[in-house]
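Trainee: Could you take a close look with me at one helix pair? I would like to follow it step by step.

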Amino acid sequence: MAGIYLHIPFCRTICPFCSFTVRRDQAKMHEKYIQGMLVEIDRRAEMLKDKERQENEEKLSGQILLKSIYIGGGTPSCLTIPEVSVLLTKVRENLPWSDQIEISFEMNPDDVNPEYLSGLADIGVNRLSLGGQSFQSSTLHKLGRCHTVADLRNAISVIANSSFDNWNLDLMFGIPEQGIAMFKNDVEEALRYEPSHISLYGLEIHERTPFGNNPQIRKWELEHLDQFEEMYLWATDYLEKAGLFQYEISNFSKKTNEGRQNLLVWSGQEYFGFGVGAHSYHRGTRWGNVRSIRTYLQHLGQNTWPTEFIEQLSEKQLAVEFLMLGLRQCEGINIKEWQARFGLHLQYQQLKFVQELCGDGRAFWEGQHLCLTPKGMLLADRITVQLMP
Ligand code: SF4
């Protein structure tokens, strides 16, 4: 089983906190870019088939069964339905799909309308992810979003009247000038619409973004760490009580509505990313594409791979990755299996550290699984580093 990620880098405006591979949307760029992605998909599929032929003459193609396709960005809803369709058709021609495939599509609220949704449903999309972020005008303004609260409410009502019953709403917290009461209102209003999934992201300030270059925002971030924690802990508890169970640091869903692509990546399964900045993971090798559209297209035109980096993960890197991904998930990581798989043993220092985490209410044992509580998840990266023997 594997997943596919298709990256659409176009956005109508660029949000000041965004560190993704994005560029201002220009409809005239779509065709060239999509043509590039089609070439990349064809060539990657051919390469996989070649590899399989070399390894086993009997088993030609079809070994990789797609379980999930995620169309993200950027803003995929900048594309027209025929543009999205051509990409899905190309994937389908090259890689067999599981009958139960999940095809997720990210949308900006101002792009949601009944015709567009029915077009998406017709070409096989069966899950939507709505970049709502907040129901407060001032918060949307601060985030530099191009949609309004009215757009967001309208988008939700259109989705509610469509055939899509599997949909995610993104919410953000820890935003400058966003008070706790405002954030609570956001979560409460979101729950009234009964989304099957909520992704809750704390604002991260990245270097080389307008927010990252703004000393006032940096200062605000440092001065509000306690508020950040309070918001997160309140929301994890509130969402759980409302019937959306947490399955990962930032993700909450109704039972059986977990994001398939998320689960696949976190459980160490293979995925192939296409388009600028997209990452892939196949047989212990990870690679990432160049971020510039021009360079990406040049590579594909010259029959070279548009990769910016490629790395064969060492056993140690794989061990860290498994630990990190396991700790991010609520079901935790089976420490016994992890140790056996990588030939590692937690030493006295690490066991003592785990004991302290449990004593602090940041972790607990569920059989052989070490799980982090929401309080522990706030420190997941630091805990991962400390636990590596
Ligand atoms: S819409 Fe999303 S991807 Fe586009 S700039 Fe804003 S945060 Fe980045």
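Trainee: How are α1 and α10 oriented to each other?

Mentor: Happy to! The model is predicted, so local features need pLDDT of at least 70 and side-chain atom pairs count only at pLDDT 80 or more, while totals for chains, interfaces and linings use all residues. Residues are numbered from 1 along each chain as its sequence is written.

Find helix α1 at residues 27–55 and helix α10 at residues 293–301 (helices are DSSP runs of H or I, at least four residues, numbered from the N terminus). They pack at an angle of about 45 degrees, their axes 10 Å apart (axes are lines fitted to C-alpha atoms over the stretch in contact; angles run from 0 to 180 degrees between N-to-C directions). α1 and α10 are therefore oblique to each other (under 35 degrees is roughly parallel, over 145 roughly antiparallel, 65 to 115 roughly perpendicular, the rest oblique). Their crossing is left-handed: the near helix is turned anticlockwise from the far one by less than a right angle.

Now see who touches whom. α1 brings K32, Y33, G36, V39 and E40, and α10 answers with I293, Y296, L297 and L300 (contact puts C-beta atoms, placed from the backbone, within 7 Å). By class, this contact has 6 nonpolar residues, 1 polar and 2 charged (Ala, Val, Leu, Ile, Met, Phe, Trp, Tyr, Cys and Pro are nonpolar; Asp, Glu, Lys and Arg charged; the others, Gly among them, polar).

For comparison, look at the shell around the ligand, which has 6 nonpolar, 4 polar and no charged residues.

Key. Helices (H or I, at least four residues) and strands (E, at least two) are DSSP runs, numbered from the N terminus. Two residues are in contact if their C-beta atoms, placed from the backbone, lie within 7 Å.
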